[in-house]
Each structure stands twice: as C-alpha cells, then as structure tokens.
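The following note sets out some points on a predicted model. Please read them alongside the sequence and the coordinates.

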Amino acid sequence: MHPSLRERAALCDLFEQLGPDAPTRCEGWRTTELAAHLHTREHRLDAGPGLLGRGPFARYTAKLEAKAAERPYAQLVSELRDGPPRQWFGRYVPAGDIHEWFVHHEDVRRANGELPRLDDDLDEALWVALGRWGKILTRKADVGVELVAHDGRSRQVKDGDESVTLRGRPGEIMLALFGRESASTLEGSDAALAKYHASTIGL
C-alpha cells in the first residue's frame with residue numbers, strides 16, 4: 001500500500017478515535033472542519049479554485065466546507081476512508097496526495113499530544129514529493145533554498161544569490177514548508193534568514 005493510502009487510513013482511524021470536536025493545528029478547525037475540508041476537496045470539483053484560500057473562490061469553497069461540516073461526522077469519515085469517487089482522477093494516483101494526507105494527519109496527531117514519527121517508507125515518499133512541492137512552496141522566497149534530508153541527501157529547490165538550508169527528516173521539512181512547526185532546522189547567514197522569514201513561503 002502506498003504511504004499516501006496508509007496516511008489516509010491512519011487519519012480516518014484517528015478521526016474516529018478522537019471524535020468530531022478534537023483540536024487540530026489548523027486555526028479555527030476542529031476535527032469536524034478538517035474532515036469536511038478533506039471531503040469537499042475530494043467530492044466537489046467546483047471547490048478546487050478556492051482551495052488556496054484567497055479571493056471570491058475561497059469564500060465559495062468555505063461555504064461548501066461549512067455545508068459538509070453539517071453532515072454526520074461518522075459518514076464524512078467513512079466516505080473519506082473509501083477514497084474519492086471512482087471518476088476522480090486522484091483515486092488512481094495516490095502519490096499525488098501524499099503531502100495533503102501527511103500534513104493533515106500531523107495537524108491532528110500533534111494537536112493531540114503525539115510526537116514526530118520515524119518512518120523510513122513514509123519519509124522516502126515525502127522526499128520524492130518534495131522534488132515537486134519544494135519548488136512550489138518556495139517559489140516566492142527571496143533567497144535560494146536547499147533541502148537536506150536526515151540521511152544526507154540534498155536538493156536545491158530555489159536558486160538565489162544567498163541561500164538557506166532546511167534540514168530534517170523529509171516529513172519535518174514538508175511540515176515546515178507548509179507553515180507548520182516542525183523538528184526541522186533552518187540554517188543560513190543572518191541576512192539570508194531574514195530574507196527567508198520575510199518571504200511568502202507556502203501556497
């Protein structure tokens with residue numbers, strides 16, 4: 001089973017274990033709202049333009065998510081566990097969703113007292129995903145960005161005259177690039193770090 005599918009199943013297990021009112025690391029969202037977000041993302045094609053969280057499309061998507069959150073929680077989780085509709089292309093390319101399921105799984109885990117995981121298979125899948133998402137998430141950085149995994153592998157995802165280095169397990173790097181607190185470390189000159197922190201990192 002691909003790690004993305006394992007993350008989906010594990011998050012659904014956690015949703016069921018914690019119930020609808022548990023905290024998450026997504027501001028303003030309990031487990032209900034996070035489950036509704038994931039469900040809307042997979043079951044409403046018209047939600048796509050608003051998923052980046054800005055402008056009129058975002059307001060429309062937020063209405064769809066709020067409506068989904070009114071549905072029975074157990075039903076939402078059950079449908080998430082089953083995966084997207086059969087006509088949904090993402091059903092056949094689980095690797096494309098590894099970032100979404102991992103980050104939101106950690107949003108729930110860590111908001112409820114769990115520690116970082118040591119999972120080599122998961123980290124391998126996330127390192128592959130960082131080849132694409134590292135470039136997307138750092139595209140607006142004002143400095144170069146190098147990613148260095150715990151096993152010494154590295155990749156330059158953004159070029160620049162000055163550069164910073166983000167080190168850690170691939171999962172921790174992914175969380176940092178999505179704006180979450182993580183066990184990664186950021187290195188560079190004072191000037192490069194200041195430019196990085198002043199940049200827009202993420203989607």
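**Notes on a helix pair and a strand group**

1. Helix H2 (residues 31–43) packs with helix H5 (residues 98–111) at an angle of about 170°, and their axes are 11 Å apart. Because angles over 145 degrees count as roughly antiparallel, H2 is described as roughly antiparallel to H5.

2. On the H2 side, the contact is made by Thr-31, Leu-34, His-37, Leu-38, Arg-41 and Glu-42. H5 contributes Glu-100, Trp-101, His-104 and Val-108. By residue class, this contact of H2 with H5 comprises four nonpolar, three polar and three charged residues.

3. Turning to the strands, is S1 largely enclosed by the rest of the structure, or largely open? Strand S1 (residues 144–149) is largely enclosed, because five of its six residues are buried. The cut-off for buried is under 20% relative accessible area.

4. S1 pairs with two strands, which may be taken in turn. With strand S3 (residues 163–168), the pairing of S1 is parallel and runs over six bridges; within S3, Gly-168 stands opposite Ala-149. With strand S2 (residues 154–158), the pairing of S1 is antiparallel and runs over four bridges; here Gln-156 of S2 is the bridge partner of Glu-146.

How values were computed: Residues are numbered from 1 along each chain as its sequence is written. This is a predicted model: local features need pLDDT of at least 70, side-chain atom pairs count only at pLDDT 80 or more; totals for chains, interfaces and linings use all residues. Side-chain values use heavy atoms; hydrogens and water are left out. Axes are lines fitted to C-alpha atoms, for helices over the stretch in contact, and angles run from 0 to 180 degrees between N-to-C directions. Angles under 35 degrees count as roughly parallel, over 145 as roughly antiparallel, 65 to 115 as roughly perpendicular and the rest as oblique. Contact means heavy atoms within 4.5 Å. Ala, Val, Leu, Ile, Met, Phe, Trp, Tyr, Cys and Pro count as nonpolar, Asp, Glu, Lys and Arg as charged, and the others, Gly among them, as polar. Buried means under 20% relative accessible area, exposed over 50%, partly exposed in between (1.4 Å probe, protein chains only). Two strands pair if DSSP finds at least two bridges between them.
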